[in-house]
Amino acid sequence: MVNQASAIRAVGAHSPLSSPQLSHRHISHVRPKDGGGGIAAAAAPPVPGSDIIGDVVGNFGIWQLRTILIIFLCKIPAAWFMACIIFTAPELYPGTEFVCDTSYLSSSSSNYSVSDNQCYVLDESSGSRSECEQFSYVSSLDSLIMQFNLVCLRDIFIAWTQYWHLFGVLVGGVVGTKMMLGISPRSTYCVGAVAQILCGVVTGYARDFSLHCAFRCLSAVCCAIMFTAGQAIFTDITAGMHRIGAIILYDTFWSIGVILLPTLSSFFNSWSLIYVGITFPTVMLIVLLYWTPDSPRWLLRHAVDRHSITNVEEIVREGAAINDRCFKIPPDFRQQLEQLSEKLKAAPAPAPWTQLWQGKRAKTHMVAAHLALAFYVINFMGMLLNIRSFGRDYLVPNTIAMGFSEIIGCFLALHFTLKHNKWKWQCAGTFNILAGMLGCMGWLFTGADSMDADLKVSLWMIIATIPKAGVSCAQSMLLACMNELVPANKKQLFVFSVVTWARVWLLSAPFFNVLKKIDTALSLTSYSVFSILGGICTCLLLTPRTTTAPVVPQLEQQQQQDKKEQSPLNAPVWTIESDVHNTRL
């Protein structure tokens, strides 16, 4: 195969009608010094919205795929830290695994009895009842419940620890976004990974409940910083449908983490060791940073000297080499990077939040998107934790089933986006409405005490996994495509507003699981109602139709042109420098 980089020469003349982001580059083939020449192949004009970085490395290739897979791995420990409560605090059975220890009672009277649920001490002489304050445990797992006596009425504090984790996710998203105003995404990612290792170990060995909650919150902050910075990197080096697909599939590695969690937990018999086990794999993520590039456009936007431009040039050249696109690098590559840097620095400031409400369907989109994502994230996290209400003996298969249903939902969102793009919101919303209605059917057999236990749990999981898949579908679609609903200068603030609002309401998710104390069907029904409400809000969304929509044929033609230029059948014969102003598509 002939190296096309030596057979292509770009003429640096700028067209007076060139794109404001990137000048047209005139490309002509050059033959070695044997006296021959070749017919000039004029470069296709750049795709609207592209720049020199996108032209050189392409929308997607091996380089982007490698980076995406490395960054996606950070979702696995993030899922472990969120869902580990399922295995660090499994339900204990009263009478067999914990009993009330009445030895703490100082009264000389021995007329005490303990209630069947081991939660109350009855003084038979006076007829008074008081809460048991000391317990004895018999269990093969040294759980979080045993460490902090989270039984009986104190089991509400299990939801309290989960609250602090979700609060950390909220704070971490905001902190990560603010950190990247002055620190590059790659450095931000590294800071989050190192801090997560430290906080995770302290969380596992904290023997004070308040200290445990505090460091669990800090661990979640670090996880959120990592996946926020990671997304900033891979969305910067991809474009078009490849970028949308990457964001949609980002949560599949979260689901893989959920599936792997039962296996990882089975190796340890202590909640402290489980925390250590889910913490130290992050060391591998730090090692893999060697093969993870920084965000090139962020570096250009914050470039302070020529060394910054040189760093970006090395990153882009490495990506072009791995993607076999070195032939796309023009002679004035560095000059074009400097021009792009100046343009990014001179970009107008994002629109203020009040302007998000202005425009056609703006109010509808603002209200619907904020409510929909809030309903979905509460459902996404809460329904996973709700499997504890289906019984401790079924935690492993139920957790794995939930993980697979999330993956199916993500791929369903990708299908709707690629094949039914015009009506993708309505497809996802309708699916959630129907799945939510199915989830409300738990009341049909919740009181069937004569039903086989395995069959009953299987029915619970069937009506839980389908709404779970629907929520995963709509949530990933919203996170990937909701910026389509607003103009370019409002995209960043709109996404930040919707995600932050949803994470505020996510704090309530653990407490809906307390409804299982009344009835298992009640907690599941509450999440199913959220699916229905979220589906209704999603159906109200509609991506505006603009004149830039028919860009897919142009992209395909550009890709065909790239392949043609790389083909050895296009061997140059002689060289003619030609004007490409008349080659607009």
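Tutor: Let us begin with burial: a residue is buried under 20% relative accessible area, exposed over 50%, and partly exposed in between (1.4 Å probe, protein chains only). Helices (H or I, at least four residues) and strands (E, at least two) are DSSP runs, numbered from the N terminus. This is a predicted model, in which local features need pLDDT of at least 70 and side-chain atom pairs count only at pLDDT 80 or more, while totals for chains, interfaces and linings use all residues. Residues are numbered from 1 along each chain as its sequence is written, and side-chain values use heavy atoms, with hydrogens and water left out.

Student: Which residues of helix α9 are buried?

Tutor: In α9, residues 240-248, the buried ones are I244, G245, A246, I247 and I248. Their cover includes α2 (62-72), α8 (209-237), α10 (250-265), α17 (395-419) and α19.

Student: At what angle do α19 and α22 pack?

Tutor: Axes are lines fitted to C-alpha atoms, for helices over the stretch in contact, and angles run from 0 to 180 degrees between N-to-C directions. Helix α19 (residues 453-481) packs against helix α22 (residues 520-539) at about 25 degrees, and the axes are 10 Å apart. The two are therefore roughly parallel, a term for angles under 35 degrees.

Student: Which residues meet there?

Tutor: Contact means heavy atoms within 4.5 Å. From α19 come W460, I463, A464, P467 and V471, and they meet T520, A521, L524 and S531 of α22.

Student: How many disulfides are there?

Tutor: A disulfide is a covalent bond between the sulfur atoms of two cysteines. The rule here is a pair of cysteine sulfur atoms within 2.5 Å, and the count comes to two disulfides. One is formed by C100 and C132, with sulfur atoms 2.0 Å apart. C100 lies in strand β3 (residues 98-100) and C132 in the loop between β6 (128-131) and β7 (135-137), so this pair ties together parts 32 residues apart in sequence. C119 and C152 form a disulfide as well, S to S 2.0 Å. Its torsion about the S-S bond is about -90 degrees, so the disulfide of C119 and C152 is left-handed. Counting bonded cysteines along the chain, the pattern is 1-3, 2-4.

Key:
Angles under 35 degrees count as roughly parallel, over 145 as roughly antiparallel, 65 to 115 as roughly perpendicular and the rest as oblique.
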